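Take a walk through this protein from its overall layout down to single residues. Keep the sequence and the 3D view side by side.

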Amino acid sequence: EGGAAASGGAAACAHCGIRGAELKGCLRCLQVAYCGKKCQRAGWKEHKKSCVPLIDQSKEVPRTHEEMVKDWSFWTGKCIGDPRNWTD
């Protein structure tokens, strides 16, 4: 997999590696992002091998609701509430 995060923290499409595009994250695992449906479909065969739903991940590492909202906001580009009020 190409991975959503590349060196320097710049996000890149997990399939084609393009940067600067509006990326949409995998809503199942929130671990990778794609520049569009075409790349998402093309990358699914490989990604599904490592795609673990958030509900399954929580069995391994407990995650708070706030952490999941932060991840969802990052991958979708949609903000819920004011991120300045988020705690680490």
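The text below starts with the fold, then turns to helices, loop, cysteines and salt bridges.

This is a predicted model, in which local features need pLDDT of at least 70, side-chain atom pairs count only at pLDDT 80 or more, and totals for chains, interfaces and linings use all residues. Residues are numbered from 1 along each chain as its sequence is written, and side-chain values use heavy atoms, with hydrogens and water left out.

Begin with the elements. The protein has three helices and two strands. Their order from the N terminus is β-β-α-α-α. Both kinds of element are DSSP runs numbered from the N terminus: helices are H or I with at least four residues, strands are E with at least two. The chain has 88 residues, and 27% of them count as buried. Buried means under 20% relative accessible area, exposed means over 50%, and partly exposed lies in between (1.4 Å probe, protein chains only). The accessible surface comes to about 6,200 Å². Carbon and sulfur atoms hold 55% of that surface. These areas come from the Shrake-Rupley method with a 1.4 Å probe; for residues, only the protein chains shown count as cover. A contact requires heavy atoms within 4.5 Å. Among contacts with a separation of 6 or more, 32% join residues 24 or more positions apart.

Now look at helix α1, residues 37–47. Which of its residues are buried? They are Cys39, Gly43 and His47. These residues cover an arc of only 60 degrees around the axis, so they sit on the same side of α1. The arc is taken from the directions that run from the helix axis to the C-beta atoms. Part of the cover over the buried residues of α1 comes from β2. The face turned away from the buried side carries the exposed residues Lys37, Lys38, Arg41 and Lys45.

Helix α3 spans residues 65–76. The expected span is 1.5 Å times one less than the number of residues. The buried residues of α3 are Val69, Lys70, Ser73, Trp75 and Thr76. Both β1 and β2 are included in what covers them.

Move to the loop between β1 (24–25) and β2 (33–34), where Gln31 lies. Gln31 counts as partly exposed because its relative accessibility is 45%. Its C-alpha atom is 7.8 Å from that of Cys51, 20 residues apart along the chain. Leu30 is found in this loop too. Leu30 is buried, with a relative accessible area of 4%. Leu30 has a positive phi of about 60 degrees although it is not a glycine. In general, most residues other than glycine have a negative phi.

The segment before β1 holds Ala12. Ala12 counts as buried because its relative accessibility is 4%.

Next, the cysteines. How many disulfides does the structure hold? It holds zero, a disulfide being a pair of cysteine sulfur atoms within 2.5 Å. Cys29 is in no disulfide; its nearest cysteine sulfur belongs to Cys26 and is 3.7 Å away. Cys29 is buried, with a relative accessible area of 1%. The sulfur of Cys39 is 3.6 Å from the closest cysteine sulfur, in Cys35, which is too far for a bond. Cys39 is buried as well, at 12%.

Finish with the charged pairs. A salt bridge here is a side-chain nitrogen of Lys or Arg within 4 Å of a carboxyl oxygen of Asp or Glu. By this rule there are two salt bridges. One joins Glu22 and Lys24, at 3.0 Å from N to O. Glu22 is exposed at 60%, while Lys24 is partly exposed at 42%. Lys49 and Glu46 form a salt bridge as well, with the closest N and O atoms 3.2 Å apart. Lys49 is exposed at 64%, and Glu46 is partly exposed at 42%.
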